[in-house]
Amino acid sequence: MSLWTYLKNKVDMMLGMPEHLNQISQSIQVLLEKENAMTAELDTLQKTVADVVTAVDAAVDHIQALSDTINAGYTDPAALQAISDQLAAAVSKINAAVASTPLPAPLPTQPAAKQKKE
C-alpha cells in the first residue's frame, strides 16, 4: 500500500467518509430495489388492463352481433327468444368473469410530509 493510499484511508476514517458513503450506497440500493418492484407491478397492471380491454372489445362485438341479429329477425318470436337466451348467457359469462377477477391490491399510501416547527 502506498503512503498516499494509507494517508487517504486514515483521513477518510477520521472524517467518517467511508461510513457516510456506505449509507448512501445502501440508500441507493434500497431505492433501486423499490424501483424494480414498482416496475414489475406496473408491468402486471399493464397486462391486466390489456386483458380487460380485450375482454371489453369482445363483449362489445358480441353485443353488436346480437343487436344485428335481433334487428334482422324481429318478426319471429321464437328467434327473438333464442336471441334473448343468448344475450342472458353472455351477460352471465361476463358477470362470472368480473366476479372471478381479483382486484389489484391498493397502492400504498404516502406518509404525511413532516412540517417544520416554527
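Me: Where in the chain's elements is the place of Ser84?
Reply: This is a predicted model, so we're reading a prediction here. Look along the stretch of residues 77–100, and you'll find Ser84 inside it. That stretch is helix 3.

Me: Is Ser84 buried, partly exposed or exposed?
Reply: Its relative accessible area is 39%. Buried would need a value under 20%, and exposed a value over 50%. Since 39% falls in between, Ser84 is partly exposed.

Me: How far apart in space are Ser84 and Leu66, C-alpha to C-alpha?
Reply: Along the sequence, 18 residues separate Ser84 and Leu66. In space, going from one C-alpha to the other, the distance is 8.8 Å.

Me: How do the elements of the protein chain run from the N terminus on?
Reply: Start with the counts: the protein chain has 3 helices and 0 strands. Reading from the N terminus, that gives the order α-α-α.

Me: Which helix has the highest confidence?
Reply: Across the protein chain, pLDDT averages 78, and 86% of the residues score at least 70. Helix 1 (residues 3–15) sits lowest, at a mean of 76. The top mean is 84, and it belongs to residues 17–72, which is helix 2.

Me: Lys47 and Asp51 are 4 residues apart in helix 2, so about how many helical turns separate them?
Reply: Both residues belong to helix 2. Because they're 4 residues apart there, the separation comes to about one helical turn.

Me: What is the area of the nonpolar surface patch made by Met1, Leu3, Tyr6 and Leu7?
Reply: Take one of its members, Leu7, which has its place in helix 1. Leu7 is partly exposed, with a relative accessible area of 42%. Together with Met1, Leu3 and Tyr6, Leu7 makes a patch of about 490 Å².

Me: What percentage of the protein chain's residues count as buried?
Reply: The accessible surface of the protein chain is about 10700 Å², and 65% of that belongs to carbon and sulfur atoms. To count as buried, a residue needs a relative accessible area under 20%. Of the 118 residues, the share that counts as buried is 5%.

How values were computed:
Residues are numbered from 1 along each chain as its sequence is written. This is a predicted model: local features need pLDDT of at least 70, side-chain atom pairs count only at pLDDT 80 or more; totals for chains, interfaces and linings use all residues. Side-chain values use heavy atoms; hydrogens and water are left out. Helices (H or I, at least four residues) and strands (E, at least two) are DSSP runs, numbered from the N terminus. Buried means under 20% relative accessible area, exposed over 50%, partly exposed in between (1.4 Å probe, protein chains only). Accessible areas come from the Shrake-Rupley method with a 1.4 Å probe; for residues, only the protein chains shown count as cover. pLDDT is the predictor's confidence in each residue, from 0 to 100. Patches are made of residues with over 30% relative accessible area and no salt bridge: like charges are joined within 9 Å, nonpolar side chains (Val, Leu, Ile, Met, Phe, Trp, Tyr) within 5 Å. A salt bridge is a side-chain nitrogen of Lys or Arg within 4 Å of a carboxyl oxygen of Asp or Glu.
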